[in-house]
Amino acid sequence: MRLSQYFLPLLKETPKEAQIASHRLMLRAGMIQQSSAGIYSWLPLGKKVLDKIGQIVREEQNRAGAIEIMMPTIQPSELWQESGRYDDYGAEMLRIRDRHERDMLYGPTNEEQVTDIFRTHVRSYKALPLNLYHIQWKFRDEVRPRFGIMRGREFLMKDAYSFDLNADAARTSYNRMFVSYLKTFARMGLTAIPMEADTGPIGGDMSHEFIILAETGESGVYFHKDWLNTDLVTSVDYNEDLQPVVDRFTSLYARADEMHDPDNCPVASDDLMSLRGIEVGHIFYFGEKYSAPMGATVAGPDGANTPVHMGSYGIGVSRLVGGIIEASHDDRGIIWPRAVAPFDVAVVNLKPDDEACSSCAEDLYGKLAAAGADPLMDDRDERPGAKLASIDLIGIPWQIVVGPRGMASGVVEVKNRRTGEAVELSPESALSMVMADAA
Ligand code: 5CA
């Protein structure tokens, strides 16, 4: 992409409505624009990152055996009356009436909708286990939408729903999602700690939140200090027995604040850390809570019909954009982990009206694209300082800076955004260096 032809509305001033770094940086980097409270348009740079995160989530869900579907955003109230949640959900649910005076709602989550799909088509335990997911917009009329897309009213969620014959089988499905979440967040360069959590309006009796540590996080968390030294990147295979893996993580003490009981905490106070974090995922096991009232039953091996055991598994796809920025930025801007970066490398042509600079920059840009990278070419007619500052701001992992001084001796400067290290190299070596760090 050539910046001169792109749509990247950068802001010079720090927006005063933004209280935390990720919100400030997303506005300054031209990633989002507020439409109304808690509702945002995603501009090109933001949309690219959102799609990259969504794609990692999709790949890891598929690897774990979940199957992608797409359910609607607007749901009929009848389904929620069947489960009993239509009245319980309260003011957070956006209720809509259509022209025929039918009560509809903009889905805050999809347990009822997916249970309806299941009961329509599945009759036998032989179709189990089954896990269906989608990546779809949700609406929750939050009392206090804030921090940009972190706590929005409209937000993008991946929600998966597992169906099993009994509680033991459901535990296996839960464990698969648990492990897939560790893999998913690790691919985004995040350390997400699984914590025992309250089940809230989703219900059920087992639940874990996945929390990334950040000072500006909305969740209070308590954990054993050993968590900070735990390698969460698991090379676990889904064919292994996952229970020991999950047990290993859950035996290290970690609790979301509503589950922390200071009087019965097993961790000595010297070892107990109390920090803040961002909830990027939440998984639930709730057995027959929806399947029993909605009649989602299957015939078991003995021919008897029983309600299926279900779990649901959410990831805040749009929240992750902000969460990654909270975890990875400096005073000059965003520092994208390569796997979610909107572009892999920026070629900054400091002097587009200089023949040598332009032909070198064009050549590099073409070769990077041909080698499979996604390069951004800064060919704008701007001061060199302004160009470098805006490329730092938008956080592209590598910068290749082409300027007249370097051209005189046949070199370009290659800078790593994260480490700040810069080296002068021939254009060919610059290309190899950037391509060697493939995502
Ligand atoms: N049905 C279950 C699991 S699929 C569910 O809805 N779980 S949830 O309520 O915990 O939401 C799942 C994830 O969505 C959360 O972990 C969080 O990352 C994200 N999320 C929830 N509310 C918001 C919000 N207002 N803005 C942005 N992301 C949100």
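The protein splits into domain 1 (3–334) and domain 2 (343–438), with bounds that come from an automatic or database domain assignment. This is a predicted model, in which local features need pLDDT of at least 70, side-chain atom pairs count only at pLDDT 80 or more, and totals for chains, interfaces and linings use all residues. Residues are numbered from 1 along each chain as its sequence is written, and side-chain values use heavy atoms, with hydrogens and water left out.

**Overall build**

- The protein holds 13 helices and 23 strands; these are DSSP runs, with helices as H or I of at least four residues and strands as E of at least two, numbered from the N terminus.
- With a radius of gyration of 24 Å, close to the 22 Å that the globule rule gives for 439 residues, the protein is as compact as a globular protein of that length. The radius is taken over C-alpha atoms, and the rule is 2.2 Å times the number of residues to the power 0.38.
- Along the principal axes, the C-alpha atoms of the protein fill a box of roughly 80 × 60 × 40 Å.

- The centres of domain 1 and domain 2, taken over C-alpha atoms, are 38 Å apart. Their contact (heavy atoms within 4.5 Å) takes 16 residues from domain 1 and 17 residues from domain 2.
- About 1400 Å² is buried between domain 1 and domain 2, 54% of it on carbon and sulfur atoms. Buried area here is the accessible area (1.4 Å probe) that two parts lose on being put together, summed over both.
- On the domain 1 side, Leu3, Arg332 and Ile334 lose the most area to domain 2, together 43% of what that side buries.
- Nine residue pairs are in polar contact across the interface of domain 1 and domain 2, both residues at pLDDT 80 or more. A polar contact is a pair of N or O atoms within 3.5 Å; within protein, one must be able to donate a hydrogen and the other to accept it, and residues adjacent in sequence count only if both atoms are side-chain atoms.
- Helix 1 (21–28), helix 2 (44–63) and strand 18 (333–334) each give two or more residues to the side of domain 1 that touches domain 2, and helix 2 gives the most, with three residues.

**Salt bridges**

- The whole structure has 30 salt bridges, each a side-chain nitrogen of Lys or Arg within 4 Å of a carboxyl oxygen of Asp or Glu.
- Between domain 1 and domain 2 the count is three.
- Asp330 and Arg417 pair through their side chains in a salt bridge (2.8 Å, N to O).
- Another salt bridge joins the side chains of Glu362 and Arg2 (2.9 Å, N to O). Glu362 lies in helix 10 (residues 355–370) and Arg2 in the segment before helix 1, so this pair ties together parts that are 360 residues apart in sequence.

**Backbone details to look up**

- Leu128 and Pro129 are joined by a cis peptide bond, with omega about 0°. Pro129 sits in the loop between helix 5 (111–121) and strand 7 (130–139).
- Glu101 is not a glycine, yet has a positive phi of about 65°. Glu101 belongs to the loop between strand 5 (94–97) and strand 6 (103–106).
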